[in-house]
Amino acid sequence: MLRPMKDCGLRPKNIQANIVLSEFCPAPLQKVTMRRVALGKLIMFRSAAIACLALLAASPAWAQAQAPSDLFDGQALRVILCGTSGPLPDPGRAKSCTLIIAGDEAYVVDTGPESWEQIARMGIPGTRISGIFLTHFHSDHIGDLGEFRMQTMVAGRNQKLKVFGPKGIKSVVDGFNQAYREDARHRLAHHGADIINLKAADLEARPIAAGFRGELNAEEVVFEKDGLKVTAFEVDHDPVRPAVGYRFDWKGRSAVVTGDTALASNLTENARKADVLVSDTLAANMIGQAQKAAASGGNARNAKILADIPDYHLSPAEAAKTANDAGVGLLVFSHLVPSAQARSPLFLADVEDIRPGSGWVLGFDGLRIDLPTGGEEIRQSALLPKP
Ligand SMILES: [Zn+2]
Ligand SMILES: [Zn+2]
């Protein structure tokens, strides 16, 4: 049975700055009874209980990790990775997700499976998320859209959440709204209208790229607010047409997210002089080895799929070349395929030759990049432990 936190006896070593507290005692500690506690431990028990109550008093009802307070201070354009793997399973990484912070608002590019969990682990408040930009509708880019809908609603979002995307966005958004509508009704019945605003619960489709004709040369400003300009541009993820990347410009700093794409001149043009390029990354050499192994092992189905995928993604070397040609400041490898082997020297073979030095980084969930206004500085830090 769960016991209220006020009755629990956390040992001091259990109390950490970033521990995720609940309103109840952690399971192992519920077994602690006063009878078993020796006199020496009783002192620890009492002092820990006081600390426990103090932490609870300082925490909201849904206590969670706290994001650094400077994230929304308006001093920098910020890029935070909330999902860095491709479709293959990797317990250390969520699937495609990049968070952009401009001023006091956050925007999300793609909502791959498990990405909400990384947002929550970093303590990014759901009410700060003002818009979602989808690059295309492969499942590794949209799987958590329902979680973003639900979690930002529970966090107190008071208007519909805008979801931008190319042709097809309306049916995707309608589907997630339909799937999660019952959930919202249940929560309204349970928590009441002061907590759950049903009128604001829905996602709102914002179609973009109506003028893109599949010629891989189009671009369009799709959003402007408080000095932030978001440009969608067509990329080559054929047969997915249109598939887009996004460029964010704010107060002289800029970040580009490629989406999924093969080598494409339109990407290079739209990444021109960007401070940060968050790139699709597929190690074609490693996938080629896996394809041969599947074929020789008689797994024709996997062999076919593995043979199909390299031609609509960027290899690390192609991403490095794109970054060089565009004059990008920092290249960030994300959407890593296969991400579980991303630290193998084979994965980034040739990158050091094409782009030597510190102009690139292997992305990981929680990588934070700050681009302070009024200069060219690019700062890197971590909001989550590296995998
Ligand atoms: Zn894709
Ligand atoms: Zn993908």
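Me: How many of the 387 residues count as buried, as a percentage, and what makes a residue buried?
Reply: In this predicted model, 41% of the 387 residues count as buried. A residue is buried if 20 or more other C-beta atoms lie within 10 Å of its own, exposed if 12 or fewer, and partly exposed in between, with C-beta atoms placed from the backbone. Because the model is predicted, local features need pLDDT of at least 70 and side-chain atom pairs count only at pLDDT 80 or more, while totals for chains, interfaces and linings use all residues; pLDDT is the predictor's confidence in each residue, from 0 to 100. Residues are numbered from 1 along each chain as its sequence is written, and chains are lettered from A and ligands numbered from 1 in the order in which they are written.

Me: Why does L77 count as buried?
Reply: L77 has 25 C-beta neighbours inside 10 Å, and the definition asks for 20 or more, so L77 counts as buried. L77 lies in strand 1 (residues 76–83), where a strand is a DSSP run of E with at least two residues, a helix is a run of H or I with at least four, and both are numbered from the N terminus.

Me: Which residues is L77 in contact with, leaving aside its neighbours within four places in sequence?
Reply: They are A102, F248, W250, K251, R253, A255 and L371, contact meaning that the C-beta atoms of two residues, placed from the backbone, lie within 7 Å. The C-alpha atoms of L77 and D249 are separated by 8.6 Å, although these residues are 172 apart along the chain.

Me: Why is strand 11 described as largely enclosed by the rest of the structure?
Reply: Seven of the seven residues of strand 11 (residues 276–282) are buried, so the strand is largely enclosed by the rest of the structure.

Me: How do you know what strand 11 pairs with?
Reply: Two strands pair if DSSP finds at least two bridges between them. Three bridges join strand 10 (residues 253–257) to strand 11, and the two run parallel; here A255 stands opposite V276. Strand 11 also pairs with strand 12 (residues 330–337) in the parallel sense, over six bridges, with F333 as the bridge partner of S279.

Me: Why are strand 7 and strand 13 placed at the edges of their sheet?
Reply: The open sheet has seven strands in the order 7-8-9-10-11-12-13, with mixed pairing. Strand 7 (219–225) and strand 13 (360–362) each have a single partner strand, so one side of each is left without a neighbour in the sheet. For strand 7, six bridges join it to strand 8 (residues 228–237) in an antiparallel arrangement, and F223 stands opposite V230.

Me: What is the strand order of the open sheet of eight strands, and which are the edge strands?
Reply: The order is 6-5-4-3-2-1-14-15, again with mixed pairing. Its edge strands are strand 6 (203–207) and strand 15 (379–382), each of which pairs on one side only.
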